[in-house]
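The sequence and structure are shown first, and the discussion follows.

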Number of protein chains: 2
Amino acid sequence: MKAKVHITLKNGVLDPQGKAVQHALAGLGFAGVEEVRQGKFIELQLSETDPAKAEAQALEMCKKLLANTVIENYTVEIE
Amino acid sequence: MKAKVHITLKNGVLDPQGKAVQHALAGLGFAGVEEVRQGKFIELQLSETDPAKAEAQALEMCKKLLANTVIENYTVEIE
């Protein structure tokens, strides 16, 4: 099964990378960019064939390695 | 409008970051992880209110700044 993991910064956590992108876009002439938040997108190919088990496995991976749960949120979609 | 941008490496492009995550997961005891590909997920808050124009604007930003079109693919979803 394929698991698509989104890892985003929690609200209120400063995102200097996003701010840098926002300023760069403004410098390139893109007006009207109010906010930029940059996160991670991870695609996992799992040998597990049961969707529920694959999701549980991916969530466990987020908790243990992929996300910093102090400052980041994560979501998992199974395909 | 909000634009959600996914930037992923093209097929065939080596992903050392993904490989590192894969090995780290194996080291933590997660079996059955066949492949890991790491990409970027960028949320843009645009002042544009027309969905079609917002999408065109976001695609233009991908082309000019956000993605390296030689090795990366990008998709834009408008909400």
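Is A:E60 buried, partly exposed or exposed, and what is its relative accessible area? A:E60 is partly exposed, because its relative accessible area is 29%. The model discussed here is predicted.

A:E60 pairs with A:K64 in a salt bridge, with an N to O separation of 3.5 Å. Both residues belong to helix 2 of chain A, which spans residues 51-66. They are four residues apart, or about one turn of the helix. In general, an α-helix has 3.6 residues a turn, so residues three or four places apart point the same way.

Over all chains, the structure contains six salt bridges. One of them joins A:E43 to A:K2, whose closest N and O atoms lie 3.7 Å apart. This pair links distant parts of the chain: A:K2 is in strand 1 (residues 2-9) of chain A and A:E43 in strand 2 (residues 33-46) of chain A, 41 residues apart. A:E43 counts as buried because its relative accessibility is 16%, under the cut-off of 20%. A:K2 has a relative accessibility of 31% and therefore counts as partly exposed.

In chain B, a salt bridge forms between B:K2 and B:E43, with the closest N and O atoms 3.8 Å apart. B:K2 lies in strand 1 (residues 2-9) of chain B and B:E43 in strand 2 (residues 33-46) of chain B, so the pair ties together parts that are 41 residues apart in sequence. B:E43 is buried at 17% relative accessibility, whereas B:K2 is partly exposed at 31%.

## Shape and faces of helix 2 of chain A

Helix 2 of chain A has 16 residues, and its end C-alpha atoms are only 20 Å apart. A straight helix would reach 22 Å at 1.5 Å a residue, and helix 2 of chain A falls short of this.

The buried residues of helix 2 of chain A are A:A54, A:Q57, A:A58, A:M61, A:C62 and A:L66. They cover an arc of only 145° around the axis, so they lie on the same side of helix 2 of chain A. The face turned away from this buried side carries the exposed residues A:A52, A:K53 and A:K64.

## Packing partners

Within chain A, the buried residues of helix 2 pack against strand 1, strand 2 and strand 3 (72-78). From chain B, helix 1 (16-27) and strand 2 also pack against these buried residues of helix 2 of chain A.

Methods
Residues numbered from 1 in each chain as written. Chains lettered and ligands numbered in written order. Predicted model: local features only at pLDDT ≥ 70, side-chain atom pairs only at ≥ 80, totals over all residues. Heavy atoms only, no water. Salt bridge = Lys/Arg side-chain N within 4 Å of Asp/Glu carboxyl O. Helix = DSSP H or I, 4+ residues; strand = E, 2+ residues; numbered from the N terminus. Buried < 20%, exposed > 50% of the residue type's maximum accessible area, 1.4 Å probe, protein only. Expected span 1.5 Å × (residues − 1). Arc of directions from axis to C-beta. Contact = heavy atoms within 4.5 Å.
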